Amino acid sequence: MKSFKFKQFEIQQSKNVFRVGTDGVLLGSLANVDNVSKVLEVGTGTGLISLMLAQRNSQADFLGIDINEEAVNLTKSNFENSPFHLRLKYILQDFKAFQSEEKFDLIVSNPPYFEESDSEKDKLARQTVELNFLQLISKSSELLSENGILSVIIPSEAGHDFVRIAHENQLFLIRQVNIKGIENSKVKRLVLEFSLNEKEVEESEFIIEKSPRQYSDQYLELTKKFHVFKEVRN
């Protein structure tokens, strides 16, 4: 499969691992990576989100974890060939069994959410079979530093349940970005951020396209440091 070239790094892809898509680009662009030193990406896939965050934060160290061996091999290649390689590590492991003595200032994930699929790729990357919301949230709450943040992108219809489960695990919503595919359409995705410390929720709206196949000024501005705009499509 053809690689995807960003301005400062390149993503090798595989037909068996989810390719570069708008969800990953949005989370890599929108997640709050300010003032963090340790970042964990859960379900790293190709390593896209970690690479974007490493470009945005030149001081932080990153660890990508994935249960899919082919995904970790891609992550390895993409990390090692990037200008940020000295700050990027990866492991092949089930996140549910992951143990770490150090805490993370940011845990970021484009988590599984489809309930059913016949595709093996979908089973590992998108179903809740391998890692459901509760498992992601409860494990993240154990691994976050005192002021750490859990940042995810999920379908809008899953937002209520995700927020509820997070609250039950002492993680409080502090930021919500309502993402629309096109202006005047329904909210399609949510970027949600949670903290162990309760505070007022910061809410905003983000529009990807101003008309079909025409990116909004908001999207172009957000991603201008990363990619050739015409190439990023779902």
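A residue counts as buried when its relative accessible area is under 20%. Keep that cut-off in mind as you walk through this predicted model.

**First stop: Ser 50.** Select Ser 50, which sits in helix 2, the stretch covering residues 48-56. Its relative accessibility is 1%, so Ser 50 is buried. Now show what surrounds Ser 50: apart from neighbours within four places in sequence, Ser 50 is in contact with Glu 41, Thr 44, Phe 62, Phe 79 and Leu 88.

**Next stop: the aromatic rings.** The whole structure holds 10 aromatic pairs. Begin with Phe 133 and Phe 162, whose ring centres are 4.9 Å apart. Their planes meet at 70°, so this pair is edge-to-face. Colour the helices here and you will find Phe 133 in helix 5 (residues 133-143) and Phe 162 in helix 6 (residues 159-168). The pair therefore ties together parts that are 29 residues apart in sequence.

Then move on to Tyr 215 and Tyr 219. Their ring centres lie 4.5 Å apart with the planes at 15°, so this pair is stacked. Tyr 215 is buried, with a relative accessible area of 8%, and Tyr 219 is buried at 0% relative accessibility.

**Last stop: a cluster.** Which residues do ring pairs link into a cluster? Select Phe 4, Phe 6, Phe 9 and Phe 84 together, and you have the residues that ring pairs join in this way.

Conventions: Residues are numbered from 1 along each chain as its sequence is written. This is a predicted model: local features need pLDDT of at least 70, side-chain atom pairs count only at pLDDT 80 or more; totals for chains, interfaces and linings use all residues. Side-chain values use heavy atoms; hydrogens and water are left out. Rings of Phe, Tyr and Trp (its six-membered ring) pair if their centres lie within 6.5 Å; planes under 30 degrees apart count as stacked, over 60 as edge-to-face and the rest as tilted. Helices (H or I, at least four residues) and strands (E, at least two) are DSSP runs, numbered from the N terminus. Buried means under 20% relative accessible area, exposed over 50%, partly exposed in between (1.4 Å probe, protein chains only). Contact means heavy atoms within 4.5 Å.
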